[in-house]
Amino acid sequence: VVIVAAAGNENNNKKYYPASFPTVISTSALKADTTFAYFTSNRNYEVSVAALGHNVRQARGNETSAYFGDQGTSAASAIVSGLVGLVRAHFPEMTAIQIRRQIIATGDYIDTIPGNEAYAGLMGRMINPYRALTDTIIPGLKVIGQNVNDGDSLCDNKGQIVDFDLTFVNLLRPSSSVSYELTAITDNFEFIDSLGLLQDLGTMDTLPGFDVPFQINVFESTQT
């Protein structure tokens, strides 16, 4: 079962559930010009995708008017749910986790659109229904594990350079020479070498963490 959930409408960075569970498609809201509808949408690093969530035409069903303009992440989630149904019908062989990854991987980056810069990395990708239904070559890489090799956490290694590794899985089509760039989302550390290439991975292949090692410079000021 593919679960789509609203990220929340409170204009903050709080995580709400079930949206923030890792197997759920957490959805934020956009305006029609593809800028973030911050006034009616939460944002955080667990958000998967974004969809129209401002002035969305919906049936009212009363004597006043047949339709009204709704807004919020619930309205955006309804659109994403419709796309899930289309992808499932078009790719009946896909599992729920593959459908989720197909929709995320084929989405459009909107972080650099004027007006969205302040929310970069927090909105998710804007869904692209056409690509979600027609792209049959895109891989679906996902981090499924991480490990700090010197201690239980970065806080155990303040002021040191530590080894760190990630475990990847490819949920979709075979990948070849995929490049990556790691970005720190806090001021507690920096990656020594954030750029690299992953080895080829077939569908549902896993790349163990020890094959993808990194080094991190943990600042002395790192907080618990």
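This is a predicted model: local features need pLDDT of at least 70, side-chain atom pairs count only at pLDDT 80 or more; totals for chains, interfaces and linings use all residues.

Visitor: How many helices and strands does the chain have?
Guide: Helices (H or I, at least four residues) and strands (E, at least two) are DSSP runs, numbered from the N terminus. The chain has 3 helices and 13 strands. Its C-alpha trace spans about 70 × 40 × 30 Å along the principal axes.

Visitor: What share of the residues in the chain is buried?
Guide: A residue is buried under 20% relative accessible area, exposed over 50% and partly exposed in between, with a 1.4 Å probe and protein chains only. Of the 224 residues in the chain, 42% are buried. As for contacts, the term means heavy atoms within 4.5 Å. Among contacts in the chain with a separation of 6 or more, 63% join residues 24 or more positions apart.

Visitor: How is the packing of helix 1 and helix 2 to be read, and at what angle do they pack?
Guide: Axes are lines fitted to C-alpha atoms, for helices over the stretch in contact, and angles run from 0 to 180 degrees between N-to-C directions. Helix 1 (residues 73–90) and helix 2 (residues 96–105) pack at about 115°, and their axes are 10 Å apart. A crossing is left-handed if the near helix is turned anticlockwise from the far one by less than a right angle, and right-handed if clockwise. The crossing of helix 1 and helix 2 is right-handed.

Visitor: Which residues meet in this contact of helix 1 and helix 2?
Guide: From helix 1 come Leu-83, Val-84, Val-87 and Arg-88, which meet Ala-96, Ile-99, Gln-102 and Ile-103 of helix 2. These residues divide into 6 nonpolar, 1 polar and 1 charged. Here Ala, Val, Leu, Ile, Met, Phe, Trp, Tyr, Cys and Pro count as nonpolar, Asp, Glu, Lys and Arg as charged, and the others, Gly among them, as polar.

Visitor: Why is helix 2 described as largely enclosed?
Guide: Helix 2 is largely enclosed by the rest of the structure because 8 of its 10 residues are buried. Among the buried residues of helix 2 are Gln-98, Arg-100 and Ile-104. The buried residues of helix 2 pack against several elements, including strand 2, strand 3, helix 3 (129–134) and strand 7 (141–148).

Visitor: Is Ser-48 buried or exposed?
Guide: Ser-48 is buried, at a relative accessible area of 7%. This residue lies in the loop between strand 2 (25–30) and strand 3 (49–52). Not counting residues up to four places away in sequence, Ser-48 touches Arg-100 and Ile-104, among others. The side chain of Ser-48 also reaches the backbone oxygen of Val-24 at 3.5 Å. A polar contact is a pair of N or O atoms within 3.5 Å; within protein, one must be able to donate a hydrogen and the other to accept it, and residues adjacent in sequence count only if both atoms are side-chain atoms.

Visitor: How is a pair of aromatic rings described?
Guide: The description gives the distance of the centres and the angle of the planes. Rings of Phe, Tyr and Trp (its six-membered ring) pair if their centres lie within 6.5 Å; planes under 30 degrees apart count as stacked, over 60 as edge-to-face and the rest as tilted. By this rule there are 6 aromatic pairs. The rings of Phe-36 and Tyr-119 are tilted, because their centres are 4.8 Å apart and their planes stand at 50°. This pair links distant parts of the chain, 83 residues apart: Phe-36 is in the loop between strand 2 and strand 3, and Tyr-119 in the loop between helix 2 and strand 6 (125–126). Phe-36 is buried at 2% relative accessibility, and Tyr-119 is buried at 15%. Ring pairs join Phe-36, Tyr-38, Phe-39 and Tyr-119 into a cluster.

Visitor: Which peptide bond is cis?
Guide: The bond from Tyr-17 to Pro-18 is cis, with omega near 15°. Pro-18 lies in the loop between strand 1 (4–6) and strand 2.

Terms used. Residues are numbered from 1 along each chain as its sequence is written. Side-chain values use heavy atoms; hydrogens and water are left out.
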